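Here is a short report on a strand and on an interface. Please look over the sequence and the model first.

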Amino acid sequence: MKNFEITRYIKKFLPFIIIFCILATLFVNVFFQNRQTYYAEAVIRFEDPLAVEGKTPSGEKLDISEVKSSAVMTKVIENLKLDVNEYSIDDLISRTNAYEVLDPDEAALKESMIDEAMEYKKEPNVFIISFSARAGEGQGFARSILDEILDVYFAEYSEKYINSEITTTSLAEIYNADYDYIEMMEIASSQVLDTLQILQDRGANNKDFRAASTGKSFMDLYTELHYIDSVYTSRLNATILEYQITKNKEVLISSFEERIRQNTLNIGMSEASLGDYLKLIDQYVRKMTASGNTDITYEYILDELYDDYRTDESGNVIERPDQTVTYDELIYGWRNFSLDKQKAIIDIAYANYIIDTFSKCYEGGSCSAGKIQSCVMVSNADYEAIKTKLEGEIKTMVDSLVKIYDEIEKTNIEYNEYIGAENISTLSSSTVKQGLNVTLYTLIAALFFLVICCGGAILLGRFEDIMRYALYTDHMTGFDNRTSFDNYMKKNNGKMLEDGTFCMILNLKNHISINKEFGRDMGDNVMKLVANVIRNVFGKMKFKPVYNGNGQFIVIVEKSDLVSVEYIMSRLSTLIDEREVFTEGDIIYDVGLSESGKEKVRPIRTLLTMANKNKIEVVSKGRNIEE
Amino acid sequence: MYKLSPTLIKLLFAFIVCVIFAIVIVKLFGRSKYYSFETLKSYFFKKSIIRPMSFLICFIYFLLLMTSLILAPSFASIKVSLNYAEASKGQNMNGTRYNMSEILCDDVLERTIKKGAFKDITVDQLKETLVVYPTVSGSASDKTMYHVSTEFQIDYIPSKDTYHIDGEKFLPLLSDCYREFLIDNYADDLDTISANIKPEEDFKDLGYFDICNYLSMKAEILENYMLKLERENGSFIASNGQTFNSVASKLYKLRSTRITDDLYAMIVNTGVSKSNITDIKSLQYEVKLLEFEKQKTEAGRDISAKAVEMYKEAMARIVLVPTVNDKGEFYMGQTKIGLDELAEESADYSTDTASLGRQIEDKNNIIASIMAGNGAKTNESIDTLIVQISNAINEYSQEASQVALEYSNKKMNQCVTGVMYSKSHKKDLAISLILTIGMFIALSSLIATNQIPKRETEKYFVKTDEEDDKTSGEEANI
């Protein structure tokens with residue numbers, strides 16, 4: 001059997017190893033490319049001074065997990081028009097992450113303060129927000145989702161903690177609820193007054209903000225809303241009152257009578273409380289004075305501010321209690337009840353004014369109008385026309401208000417985005433990195449396949465050696481056996497031989513008689529002798545030695561020339577003659593040679609036949625016999 | 001005209017080479033049964049396989065390939081830069097957060113399709129061919145690598161639906177449309193300051209007070225706009241020599257002098273009213289409401305004052321605190337107590353009461369004036385004044401628009417710039433040469449393969465039946 005040579009095995013399978021490694025590596029590369037995930041990340045910083053205390057501008061706890069809240073994700077899905085069957089809110093939430101960034105300097109400071117048993121109060125205000133895209137979604141998807149999440153979060157943050165939405169409901173509703181005209185005007189006026197106040201405050205605090213969507217600032221909107229209010233409100237109210245325009249006088253008057261009743265009850269309650277407060281204040285002052293607590297000089301003043309705030313387990317202030325002194329509370333209480341009482345009295349006066357306006361008779365004396373109808377309704381022939389005109393004007397007013405409220409809403413939405421971006425700055429815009437290092441994995445895979453292939457080649461090569469030795473080698477001579485030669489012939493059958501291909505047949509004629517006369521061992525020795533001689537003479541030439549059984553040796557030599565082969569033949573003869581074994585007898589053998597070029601033989605079978613035909617008998621004499 | 005993409009063209013030409021090689025391999029496989037490798041190899045090194053026809057075919061092949069690649073709509077890229085100040089903070093021009101994805105939003109693509117008059121193409125189809133990403137990307141993991149991107153690359157890779165769109169023409173158009181989108185959505189809207197008041201049409205249904213309020217409102221909005229721009233860039237001078245401040249000053253003077261001092265005063269003093277009864281009733285209603293309001297503030301004032309009076313001296317405990325006043329001078333302040341709040345409250349109510357009283361008096365004066373106006377519904381002087389003020393507002397609006405537009409153009413024109421990456425045919429040339437060499441080898445191999453005789457024509461195999469039988473018998477002996 002051949003020696004165990006790693007390089008031989010690898011060399012033998014090298015083309016297969018290279019091809020397999022390349023194909024397998026390509027496959028791995030494509031596999032990982034198809035399963036590539038992408039992470040989009042952005043760094044944001046909360047700029048509000050309270051952020052370093054872990055709070056929002058409104059003083060509430062800053063919770064960065066709100067960036068992946070359902071409210072944010074719902075809007076993301078809506079804005080990007082994502083397929084809800086494919087992308088659920090929970091899915092997006094699970095793929096979004098938010099974590100703090102601890103500055104190395106801050107981390108060192110924190111550590112040293114803790115080491116010194118000092119309290120470190122600063123909370124992180126820089127965060128990394130990330131979103132991971134699955135395989136096949138691509139890096140563009142990851143980036144666009146993250147950008148949208150941040151857009152929505154900035155606006156939501158602003159709306160929730162900095163700027164609140166301006167209520168624009170009920171304007172369009174005033175028709176549906178079947179309010180009376182005066183009530184419709186009251187609702188509209190009340191809402192307009194509230195909005196004017198908000199717009200004025202926002203305009204004063206944000207002089208430079210002007211929405212690109214509407215082109216207007218809060219002050220512009222205030223001015224326009226104020227103008228609409230000045231044009232319509234008083235004129236329409238005056239018309240309603242002058243012409244007693246109502247849908248149902250009885251219902252209207254009942255409604256205002258109910259207001260009077262409620263206010264009367266409130267007055268009673270306030271009066272009762274006022275009496276109590278006055279007594280309490282009197283008693284409190286008397287007791288405090290008597291106890292000497294009021295004789296305070298500067299020595300009684302504490303050196304530090306009294307700041308016994310309510311704190312959580314970590315010592316963070318969670319509530320600043322009201323430190324107003326009891327006496328002031330009592331005085332304020334008295335003042336509030338007094339104000340409530342006076343306001344109720346004035347509201348009653350207003351309600352009476354409305355009731356009187358709708359009840360009075362313009363014709364003098366008693367009115368012929370019933371409970372439901374007003375005097376003008378009955379007596380003025382133009383009432384219906386005036387009423388229709390009023391309805392039209394109310395509609396015009398409401399339409400104008402709805403239009404301007406639409407602009408207010410748009411401006412406010414943009415303001416939320418603006419103020420969000422002011423309060424949360426982008427330190428690093430969204431960057432995308434790969435989830436899998438495909439290059440590294442491909443390299444590892446290439447190395448792995450190379451090792452596996454080399455190992456496989458060694459195993460296969462050695463296995464082939466074993467199989468070849470077991471099945472295709474003549475164990476005595478070490479040459480290929482007949483089976484191997486048959487395969488060789490089949491394989492090369494039909495193939496055209498090159499010039500310089502030789503076939504030598506050596507047929508040991510008397511090996512049977514040697515076996516009989518000198519024993520089997522000697523016969524075997526002669527066989528081995530011939531095999532060794534053949535191996536010796538052909539040396540490093542490219543040849544295929546075959547022991548075909550029954551003392552027949554065949555050698556196929558490629559890429560050689562006649563001179564060399566003839567020399568080999570003569571050397572073969574000489575070496576057999578000069579043998580050291582079996583010198584006691586003759587060795588008789590036939591030897592034939594054929595060459596493809598000279599004899600123009602191309603099929604191998606023909607070459608073999610020619611060699612067989614060209615055989616001549618040679619007798620190698622035994623030296624001991626002559627002696 | 002339907003055009004093939006460069007990749008498809010290259011694949012097609014490579015396919016031709018592959019087909020020829022495939023034919024060669026099939027033929028060689030057939031011959032390999034009868035010839036050794038060495039024999040086959042020898043045919044490939046004969047000079048006779050190099051034919052002038054091969055050179056001619058390869059030359060035509062090369063010309064066709066290069067021409068197709070040059071004419072094909074190919075991969076194109078453009079670099080879009082944001083050049084406005086807020087971009088470096090990751091914001092749009094109006095201070096809202098910048099979102100890169102908007103470069104390829106539906107609105108921008110719709111504008112591009114419309115502007116380029118591209119036919120048979122939808123936004124979704126176009127979106128599939130475009131990729132946008134920052135040219136420089138930072139890293140969130142390292143503080144020193146933080147980066148706010150202001151430059152983005154858009155790659156256009158034609159698909160089968162967009163072969164007819166040339167990337168080199170399409171991408172600059174896209175960049176322009178994106179600039180328009182940014183200006184429309186995030187830049188100042190100049191429509192707010194465009195005024196075109198036509199008194200006869202606009203004021204026919206309005207009373208004189210409403211007209212006065214309307215003119216005042218218009219002037220105030222214009223003035224506010226100019227003041228905002230003045231705060232933004234006070235040194236900007238338009239081509240007509242106007243500045244934001246100069247236009248704002250004109251508007252302020254118009255509002256304070258012409259509208260308030262002249263127009264309002266004339267309306268009040270003349271008692272003119274287009275609908276005097278309605279105006280009187282409206283004013284009376286307003287007075288009534290103001291009186292109710294005044295009653296409330298009076299009550300608040302009196303109650304707060306009463307509370308101050310009630311406050312016992314013994315309970316008023318204060319501490320002096322050294323501090324500074326609004327001029328930065330040292331000042332001895334004191335801690336506040338309820339008494340302070342009540343006193344301030346009472347003072348506020350008092351101010352409000354006085355203000356409401358003034359408004360009531362003003363409105364009563366107007367009512368009296370209208371009543372004394374003997375029902376005059378029009379006044380020529382007032383009408384003339386209204387026309388003059390309207391014209392002045394229109395004129396100032398034009399001036400304001402011009403200044404604002406010039407400023408906006410200066411600021412916005414270069415807010416987004418697109419620079420095309422120049423298309424290089426070096427790569428195409430290299431690929432064409434490689435494919436042509438491949439073609440030449442394939443053709444020569446084909447010629448070489450054709451030169452190898454088939455088995456049937458091989459003379460060494462031409463044997464008689466007798467010879468065949470004989471050979472078979474001899475082999476059997478072996």
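Which residue in β3(A) does A40(A) stand opposite? A40(A) stands opposite F131(A). This is a predicted model: local features need pLDDT of at least 70, side-chain atom pairs count only at pLDDT 80 or more, and totals for chains, interfaces and linings use all residues. Residues are numbered from 1 along each chain as written, chains are lettered from A and ligands numbered from 1 in the order written, and side-chain values use heavy atoms, without hydrogens and water.

**Strand β1(A)**

Strands (E, at least two residues) are DSSP runs, numbered from the N terminus. Two of them pair if DSSP finds at least two bridges between them. β1(A) covers residues 38-46, and seven of its nine residues are buried (under 20% relative accessible area, 1.4 Å probe, protein chains only). Its pairings are these:

| Partner of β1(A) | Sense | Bridges |
|---|---|---|
| β3(A), residues 126-133 | antiparallel | eight bridges |
| β6(A), residues 424-434 | antiparallel | eight bridges |

On the β6(A) side, Y38(A) stands opposite Q434(A).

**Chain A against chain B**

Contact (heavy atoms within 4.5 Å) joins 91 residues of chain A to 85 residues of chain B. The buried area is about 7600 Å², 60% of it from carbon and sulfur atoms. That area is the accessible area (1.4 Å probe) that two parts lose on being put together, summed over both. R210(A), Y227(A) and M496(A) supply 9% of what chain A buries here, more than any other three residues.

Seven salt bridges cross the interface (side-chain nitrogen of Lys or Arg within 4 Å of a carboxyl oxygen of Asp or Glu). One of them links R335(A) and E345(B), with the closest N and O atoms 2.6 Å apart.

Note on methods
Buried means under 20% relative accessible area, exposed over 50%, partly exposed in between (1.4 Å probe, protein chains only). Helices (H or I, at least four residues) and strands (E, at least two) are DSSP runs, numbered from the N terminus.
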